[in-house]
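Hi everyone, thanks for coming. Let me put today's structure on the screen, and then we'll walk through a part of it together.

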Amino acid sequence: DGMVVCFDPSRRETFEYASKLVKSAAADMPVLVLSNFRDKGSPQAVTKSEVEKLCKGRSKVCCLETSFLNGFGVDDARAFFKVPYMAMRVKSARRNLTTTEEVVDKQRERLDAHADTLNFDVHCKQWQSGGAQRA
């Protein structure tokens, strides 16, 4: 999962709505906050420091300035779409690692339970006397 939130920095109400969306996102959800209409110039109703403050303290929130009119920042915004996919792969890898660790632990317990019976000399004597099965 991931979220892309776009607002117009010349219209404060769009930033306020974007802020609510960002704050409602799960802490581990990658979020991209786009300040669009960069080509408009001044005056801005939302400062860059306000946008940075919104993103600060959340490790998975990225902020970019864009202009869909002239393409400024669009390539960086597009690159963001790899982030949720990679986050999903990390989660999957962690689940697989946990499962593998559990299997390893069970195998170790199994081997430890039989460690006292795995005596080669005893096995050879039993085998020579016909008491042990051939491997």
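Let's begin with a question: which residue just after helix 2 takes a positive phi? It's Gly 57, with a phi of about 85°. And please keep in mind that this is a predicted model.

Now let's step back into helix 2 itself, which covers residues 48-55. Which of its residues are buried? They are Val 51, Leu 54 and Cys 55. Those residues cover an arc of only 95° around the axis, so they sit on the same side of helix 2. If you're new to helices, here's the background: an α-helix has 3.6 residues a turn, so residues three or four places apart point the same way.

What do these buried residues pack against? Their partners are strand 1 (3-7), helix 1 (12-24), strand 2 (31-35) and strand 3 (61-65).

Let's look at one of those partners, helix 1. Two packed helices are described by the angle between their axes and the distance between the axes. Here, helix 1 and helix 2 pack at an angle of about 15°, and their axes are 10 Å apart. The cut-off for roughly parallel is an angle under 35 degrees, and helix 1 and helix 2 are therefore roughly parallel to each other. The crossing of helix 1 past helix 2 is right-handed.

Who meets whom at this contact? From helix 1 come Arg 12, Phe 15, Ser 19, Val 22 and Lys 23, and from helix 2 come Glu 50, Val 51 and Leu 54. By type, the residues of this contact are four nonpolar, one polar and three charged.

One last stop: the loop between helix 2 and strand 3, where you'll find Lys 60. Its relative accessibility is 33%, so Lys 60 counts as partly exposed. Leaving out residues up to four places away in sequence, Lys 60 touches Ala 27, Asp 28, Met 29, Pro 30, Val 31 and Ala 87. Take Ala 27: Lys 60 and Ala 27 are 33 residues apart in sequence, while in space their C-alpha atoms are 7.6 Å apart.

How values were computed:
Residues are numbered from 1 along each chain as its sequence is written. This is a predicted model: local features need pLDDT of at least 70, side-chain atom pairs count only at pLDDT 80 or more; totals for chains, interfaces and linings use all residues. Side-chain values use heavy atoms; hydrogens and water are left out. Buried means under 20% relative accessible area, exposed over 50%, partly exposed in between (1.4 Å probe, protein chains only). Helices (H or I, at least four residues) and strands (E, at least two) are DSSP runs, numbered from the N terminus. The arc is that of the directions from the helix axis to the C-beta atoms. Contact means heavy atoms within 4.5 Å. Axes are lines fitted to C-alpha atoms, for helices over the stretch in contact, and angles run from 0 to 180 degrees between N-to-C directions. Angles under 35 degrees count as roughly parallel, over 145 as roughly antiparallel, 65 to 115 as roughly perpendicular and the rest as oblique. A crossing is left-handed if the near helix is turned anticlockwise from the far one by less than a right angle, and right-handed if clockwise. Ala, Val, Leu, Ile, Met, Phe, Trp, Tyr, Cys and Pro count as nonpolar, Asp, Glu, Lys and Arg as charged, and the others, Gly among them, as polar.
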